[in-house]
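Good morning, colleagues. Please look at the model on the screen, and I shall take you through the two chains and the contact between them.

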Amino acid sequence: MSISETATKPGLSISDLNISFRNKDGWTSVVRSLGFDIAPGETVAIVGESGSGKSVTALSLLGLLPQQSTRIEGSIRLGDKELLSLSPKDLKALRGNEIAMIFQEPMTSLNPTMCIGEQIAESIIAHRGISKSEAKVEAIRLMEKVHIPSAARRYSEYPHQFSGGMRQRVMIAIALACKPALLIADEPTTALDVTIQAQVLNLIKELQEEEGMAVLFITHDMGVVAEVADRMVVMYRGDVVEEGTTTEIFANARHPYTKALLSAVPQLGSMSGSSDPQPFAIYDINTGLAAEASVLKSTVDTSEILLDVKDLSVRFPVQQTIFGKVTARVHAVENVSLTLARGETLAIVGESGSGKSTTGKLITGLLHPTAGKVEICGKPMRQDTRQSLSRSVQMIFQDPFASLNPRLTVGRAITEPLRIHKLASEKEQDEIAASLLTRVGLSPEIAKRYPHEFSGGQRQRICVARTLALKPSVIIADEAVSALDVSVKAQVVNLLLELQQEMQLGFIFISHDMAVVERISHRVAVMYLGEIVEIGPRAAIFSNPVHPYTRRLIEAVPVPDPSRRRDRHKITDSEIRSPVRPGDYVPPARTYREVSPGHLVQDAGPEWAA
Amino acid sequence: MFWFLRRGIASLIMLWVIVTLVFMSIHFVPGDPVELLLSQDGGSADPATVQMIREDLGLNRPIVEQYVEKLKGLASFDLGRSMVDDSSVSAEIARRLPRTLELIGLAALISLVIGVPAGIYAALHTGRSFDRAASYVAGFAQGIPVFVLGTLLILVFSQMLKLTPAGGFVAFSQAPGRHMMLLLMPSLSIGIGLAAIVFRITRASTLEVLPLDYVRTARAKGLGDRRIVLHHILRNALIPVITIFALQIGSLLGGTVLVEYVFNWPGLSGMLVSGVNARDYPTVTGVILVISALFIGLNFLVDVLYGLTDPRVRK
């Protein structure tokens, strides 16, 4: 790109923007007096949690909010064009052409019945008025530009044949089709694995440099902000609370909410020197004062082994011939061995398809292993012991909205395990529900209310209370805080740590979020394609990662410090491989070596030779 | 192409299963079918006649032999002869089937032409006057029995307005214009009820697709409304419509009897009903086989349509 072309692109200027939605009681204001500018080539991030108005702002720029029920006042200018006074026809000509947008969910943002290439080409045809065949050539060029391998062949494939990361690349290709002056990226990497996130952020940056466009980044992740943004606007419930350059705000945040957000951001490496978990410091948003995080005492009692898993494997057939011969299998979990002591937290980390959730399900007995054994408190899990043993292992799931039955009151939901196992009378159940609710920091009065009345964080507390009903010794938390806003995430993590202090619980903490894992765990197991590639004390794994995959994982985590931006050239474009293997596949024999006491590393196979 | 072949083979297997079931049904009916046929006037049947008819139908031969004979017959499209007038069942079906098919075909066309656009329009303008009015009309059209609707049509268009004949049948080759006039009213009486169903499903499934992320993506691309509706909404919304529509058409294959009676249209359903009344086994089994084969063919067609609309099915 020549410099002159870069200079001709207009910038965005928003001033005194107010957005309200109509509901049955009148108008509700969702964004108030928002104003900022983005110069060509600059990246500005709007940061905030759910309900802050950040996504609404993005949609208002494109005129995508429902017209009848929305009122937008103020001014949005792109160059010398006032967007709010454009006719619907002019607005249509502008969308996808001068302003383009990438969305959060690459899995659902593409039309499943239209081939990938056509979805890119139709945008080009709509705005540039060129022929179908020319558009196809251009679409393939764009696919190559966003690093989709063998683009020409994949042109006529459909979205379901693409991985999440690849679909997001397609979305970026669509967005770039007409060389927009402004690219809006609404949480573009939130649904992606961390190594893929790094690739996508990298790609956006690279393309921005080439095209000289302005980028508006919408995110809740301070790590991502530090990584990409020149300036940032912090929003809280529709108001701008702080605005400035990223460096300035990270170094010296003034508003209590910004401070709260920053303190809730888990920082890799913040825990070196301590072998026990540490709670997050919680800021009061009104006063800006931090509640002193208490130093925790050690809870681990290695003399009592709660969980002993040996050579656990599970495989699922995915493809069969008509005669029932299996031609492909998912090797979801392969020869996994681990132990968990009383009061200990073992984190299992890995990306999509690594088998971490499946391992959790095997331990709870929700799935039956193909081979290997699980011992709980010294008793082997078998068909006949499964029900009684499952009482001492309970599970918390990722989505607090989907994991509570909407037709059960909170109290009934919490005590349901007691009724299933016939452990308490109706009257006792009420008392237990009340005491469990108090224990997870909620009011006992809410037992009579229904789940839809509560926020995500409150619901996750209710789920935690439910797992405690059977007085388990092991809790498996499967991405239990991944769907929560950062500040809420910190509170739930602290709650889990408190419970561990009080009850000496053992936790299996399944997560893809390395930074939270560093806070909460005593030991860490890294899984890749169904196998544990590295396991050991948390401090050892984070300070001395040995396996190439562990290193790649830790390197890919965004660092919430703008002065330490990564060298982007180190990021590879490799995809996460699939654990689907041919029917006659025999897993290679793996050997482990002990790097330091308790720190075991799988000898990396030839595929890792660089 | 592999999925296509596999569905085709599955259809053939299903057809064979049905042939076998229909064949066995005669043998599993309690009592001897021939005695039952002849004893309808109360008194017991004449043993000599029974014997004769049994031989005629081949019921005295070993069951395996009968089965093989039956399959051979089917391979050459021979469905046996009617016990009432000794006419060829195949020939009679061949005469009547096209009439039923054109009836269903025109009804299907009417219902799609009305139902799909109306459904999409109503979904794109929910709560507005068209949507509300159309929903009332659809409820009425779906609730009214075909024979009432058919009679009403005759009353209005034939008796009062004298626009169309009240019923009957003329071959297309003899008088094409009159044939179509006669076809129109029975097709309308079926098509209107069907249109109501198509309208409702199209509306509901369009409403489901509208808030999806990829529709938002299409809007964000700045595409025209026409392209968004046709390429992004309709194609995805049609999948449930195809499913329900095919089931409805399938049930019409043997279910047009009421309309055929009201309009005096000599189709396949009428043949089935009179065959049952006369206990004419070859006619009944023949019609059932043909309807089943058509149903299976229809399902195969739907599978192919699915594959064409939704690439995820093609595995």
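I begin with chain B, whose pattern along the sequence is α-α-α-α-α-α-α-α-α-α-α-α-α. In total, chain B has 13 helices and zero strands; here helices (H or I, at least four residues) and strands (E, at least two) are DSSP runs, numbered from the N terminus.

Before I continue, a word on conventions. This is a predicted model, in which local features need pLDDT of at least 70 and side-chain atom pairs count only at pLDDT 80 or more, while totals for chains, interfaces and linings use all residues. Residues are numbered from 1 along each chain as its sequence is written, and chains are lettered from A and ligands numbered from 1 in the order in which they are written.

The C-alpha trace of chain B spans about 80 × 55 × 35 Å along its principal axes. Of the 315 residues in chain B, 31% are buried, a term that requires 20 or more other C-beta atoms within 10 Å of the residue's own; exposed stands for 12 or fewer and partly exposed for values in between, with C-beta atoms placed from the backbone.

I turn to chain A, which has 20 helices and 25 strands. Its C-alpha trace spans about 70 × 60 × 50 Å along the principal axes. Buried residues account for 47% of the 610 in chain A.

Which strands form the open sheet of six in chain A? The order is β6-β7-β8-β3-β9-β10, with mixed pairing; two strands pair if DSSP finds at least two bridges between them. At the edges stand β6 (99-102) and β10 (239-245) of chain A, each with a single partner strand, so one side of each has no neighbour in the sheet. Within this sheet, β3 (residues 43-47) and β9 (residues 231-236) of chain A run parallel and are joined by four bridges.

Elsewhere in chain A, β13 (residues 301-320) pairs with β14 (residues 326-342) in the antiparallel sense over 12 bridges. L312(A) has V336(A) as its bridge partner in β14(A). β13(A) also runs antiparallel to β16 (residues 371-376) of chain A, with five bridges, and there L307(A) is partnered by I376(A).

Next, one loop position. G353(A) lies in the loop between β15 (345-349) and α12 (356-364) of chain A. Is G353(A) buried or exposed? It counts as buried, because it has 21 C-beta neighbours inside 10 Å. Beyond its neighbours within four places in sequence, G353(A) is in contact with L529(A), I576(A), S578(A) and P579(A); contact means that the C-beta atoms of two residues, placed from the backbone, lie within 7 Å.

Finally, the contact between the chains takes 25 residues from chain A and 18 residues from chain B. On chain A, α3 (88-94) and α4 (116-128) each supply at least two residues of the side that touches chain B, and α4(A) gives the most, with four residues.
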